[in-house]
Amino acid sequence: MRPRRGGGKVVLWDFHGTLVEEPGGWPQTLLDVLDRHEPGHGLDREAIRPFLKDGFPWHRPAEPHPELADGDSWWASLEPLFSNAFASVGIKRSKGAWLARQVRTAYIESGRYRVFDDTLTSLRMLASAGWRHAILSNHVPELPLIVESLGLLDEFEIIINSADTGYEKPHPRAYEIALDSVGHPERVWMVGDNPDADVIGAEKAGIPAILARREDPRCPRMASDLAQVAAMILNSEDRASSTPRQAGPRREYRA
């Protein structure tokens with residue numbers, strides 16, 4: 001990552017579901033492990049999905065986890081979840097525990113993600129207007145490697161990842177770390193597809209936010225795609241001063 005710079009204009013981007021898509025998600029990852037090591041299992045993603053609806057760090061964003069801020073500890077903390085999922089679909093517990101340790105390798109394999117068609121053009125349109133880019137994501141420890149494998153690494157000044165910081169969006173500290181990491185720019189936006197983690201949490205932290213690719217009546221700004229996101233951000237420059245304003249004890253940024 002390039003060194004932090006102060007001032008200027010920064011967009012904080014969510015990763016999964018915003019910049020890229022991952023068909024199948026975690027259920028597909030566990031299914032891939034079964035396909036590889038338990039051929040003929042007869043299961044599909046929908047059989048596994050119910051057992052992965054809770055248990056990830058981002059399911060409890062109010063609970064910091066700095067003790068998991070290294071890759072091995074982070075993945076080890078999820079092995080009971082994966083092992084239970086395998087056992088719940090009929091895999092022997094002894095084999096399920098072994099399979100759970102294979103999930104890490106399967107998840108970070110190339111080809112799992114696809115960059116949305118509008119991602120690069122939107123990033124570069126904003127960059128040409130002087131906007132710097134950073135990723136703020138609740139993700140796995142290998143996120144920088146995934147970003148690099150997709151050819152996106154050079155588009156971003158820094159990647160702020162919950163697996164490294166121990167704070168999941170929408171925890172207020174996640175946004176504090178992000179702002180500090182990008183040097184407290186004069187203007188900043190948050191863009192993401194999760195209403196709670198990417199928009200409501202950011203707005204509470206004083207950061208104007210745009211909900212991308214989804215609709216939710218709780219969100220003040222929504223965009224159907226990243227081209228519309230870029231247009232909204234560029235248009236905002238004509239309507240707002242670049243000078244930050246104060247709101248109580250926190251710094252608040254103008255849209």
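These legends describe close-up views of one predicted model.

The model is predicted: local features need pLDDT of at least 70, side-chain atom pairs count only at pLDDT 80 or more, and totals for chains, interfaces and linings use all residues. Residues are numbered from 1 along each chain as its sequence is written, and side-chain values use heavy atoms, with hydrogens and water left out.

View 1. Strands (E, at least two residues) and helices (H or I, at least four) are DSSP runs, numbered from the N terminus. Two strands pair if DSSP finds at least two bridges between them.

View 2. Strand 1 covers residues 9–13, and strand 4 covers residues 131–137. Five bridges join these two parallel strands. Here Lys9 has Trp131 as its bridge partner in strand 4. Five bridges also join strand 1 to strand 6, again in parallel. Across this pairing, Leu12 stands opposite Met190, and Trp13 stands opposite Val191.

View 3. Five of the five residues of strand 1 are buried, where buried means under 20% relative accessible area, exposed means over 50%, and partly exposed lies in between (1.4 Å probe, protein chains only). On strand 6, Arg187, Trp189 and Val191 point one way. Val188, Met190 and Gly192 point the other way. Six of the six residues of strand 6 are buried.

**View 4. Helix 10 lies on the path from strand 6 to strand 7.** Strand 6 and strand 7 pair in the parallel sense over three bridges. Gly192 has Leu211 as its bridge partner in strand 7. The chain crosses from strand 6 through helix 10 to strand 7, and this β-α-β crossover is right-handed. That term applies if, with the strands pointing away from the viewer, the path from the first strand over the helix to the second runs clockwise. Contact means heavy atoms within 4.5 Å.

View 5. Ile160 counts as buried because its relative accessibility is 5%. Leaving out residues up to four places away in sequence, Ile160 touches Ala134, Ile135, Leu136, Ser137, Thr165, Ile177, Ala178 and Ser181. Gly111 is 49 residues from Ile160 in sequence and 23 Å away in space, C-alpha to C-alpha.

**View 6. Aromatic rings pair up and form a cluster****.** The structure holds eleven aromatic pairs. Rings of Phe, Tyr and Trp (its six-membered ring) pair if their centres lie within 6.5 Å; planes under 30 degrees apart count as stacked, over 60 as edge-to-face and the rest as tilted. Phe56 and Trp58 are stacked, because their ring centres are 5.2 Å apart and their planes are at 5°. Phe56 is buried at 3% relative accessibility, whereas Trp58 is partly exposed at 22%. Trp58 also forms a tilted pair with Trp74, 6.0 Å centre to centre with 35° between the planes. Trp58 lies in the loop between helix 2 (45–48) and helix 3 (71–88), and Trp74 lies in helix 3, so the pair ties together parts that are 16 residues apart in sequence. Trp74 is buried, at 0% relative accessibility. Ring pairs link Phe15, Trp26, Phe56, Trp58, Trp74, Trp75, Phe82, Tyr107 and Tyr113 into the cluster.
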